[in-house]
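Hi there,

Here is the structure I promised to pass on to you. Please open it and keep it beside this email while you read my notes.

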Amino acid sequence: KLAPPAAGPLVLKPEYAKPYEARRALEAEANKRGEQLATAGAQCIPYGVPTMMSVAIYPMEIIQTPKQVTIVSEAFSEVRRVYVGVPQAKVEDVAPGYYGRSVGRWEGDTFVVDTIGIKPSIPGYRGMPHSGEMRITERFRMVAPDYLHDQITIDDPVVLEKPVTYALAYKRMPNYEMVEF
């Protein structure tokens with residue numbers, strides 16, 4: 001129950017699948033040689049959404065107020081703001097960025113977050129390509145005391161054959177103090 005469910009398949013449209021698989025093959029070969037290909041993290045570029053949510057070895061802090069949930073990742077000190085109780089903008093009205101525009105609402109005990117406006121140059125889930133039309137829907141829910149799951153669904157009608165869903169699990173560390181990266 002504490003482990004997140006398995007990820008769904010990542011099914012890219014053919015014109016995006018071939019370059020994606022070629023990049024993955026280059027990464028695998030470089031890893032065999034003990035080398036690392038250039039990545040956002042290696043170049044000190046922010047991970048952005050959704051990747052910042054899964055930089056596994058670094059903690060993050062969630063600060064909740066009535067109008068905003070702020071997520072601070074220790075890695076690169078990334079800060080993400082989720083505006084609560086406001087309507088989502090049209091994608092064409094959002095200036096593309098690393099974190100896009102996130103709005104959230106409560107559905108019972110689940111905090112549902114809708115994010116749009118992620119720059120296409122920011123690598124997506126597992127390094128997948130994406131368009132400016134990508135939409136990320138997250139469902140945050142406490143599954144047990146001190147255990148939070150974040151179910152992430154990525155929809156991009158330009159790049160994906162179908163939406164991809166995966167989940168992340170976090171354990172509360174009540175006495176941890178965030179440090180400078």
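A polar contact is a pair of N or O atoms within 3.5 Å; within protein, one must be able to donate a hydrogen and the other to accept it, and residues adjacent in sequence count only if both atoms are side-chain atoms. One such case is serine 73, whose side chain reaches the backbone nitrogen of alanine 75 at 3.3 Å.

This is a predicted model, where local features need pLDDT of at least 70, side-chain atom pairs count only at pLDDT 80 or more, and totals for chains, interfaces and linings use all residues. Residues are numbered from 1 along each chain as its sequence is written, and side-chain values use heavy atoms, with hydrogens and water left out.

Serine 73 lies in strand E2 (residues 68–73); strands (E, at least two residues) and helices (H or I, at least four) are DSSP runs numbered from the N terminus. Is serine 73 buried or exposed? Serine 73 is buried because its relative accessible area is 2%, and buried means under 20%, exposed over 50%, partly exposed in between (1.4 Å probe, protein chains only). Isoleucine 57, in the loop between helix H1 (14–32) and strand E1 (60–64), is exposed at 72%.

Now for the strands. E3 (residues 79–84) and E4 (residues 101–107) run parallel, joined by three bridges; strands pair if DSSP finds at least two bridges between them. Valine 84 has glycine 104 in E4 as its bridge partner. E4 also pairs with E5 (residues 110–116), antiparallel over seven bridges, and arginine 101 stands opposite isoleucine 116 in E5.

Enjoy exploring!
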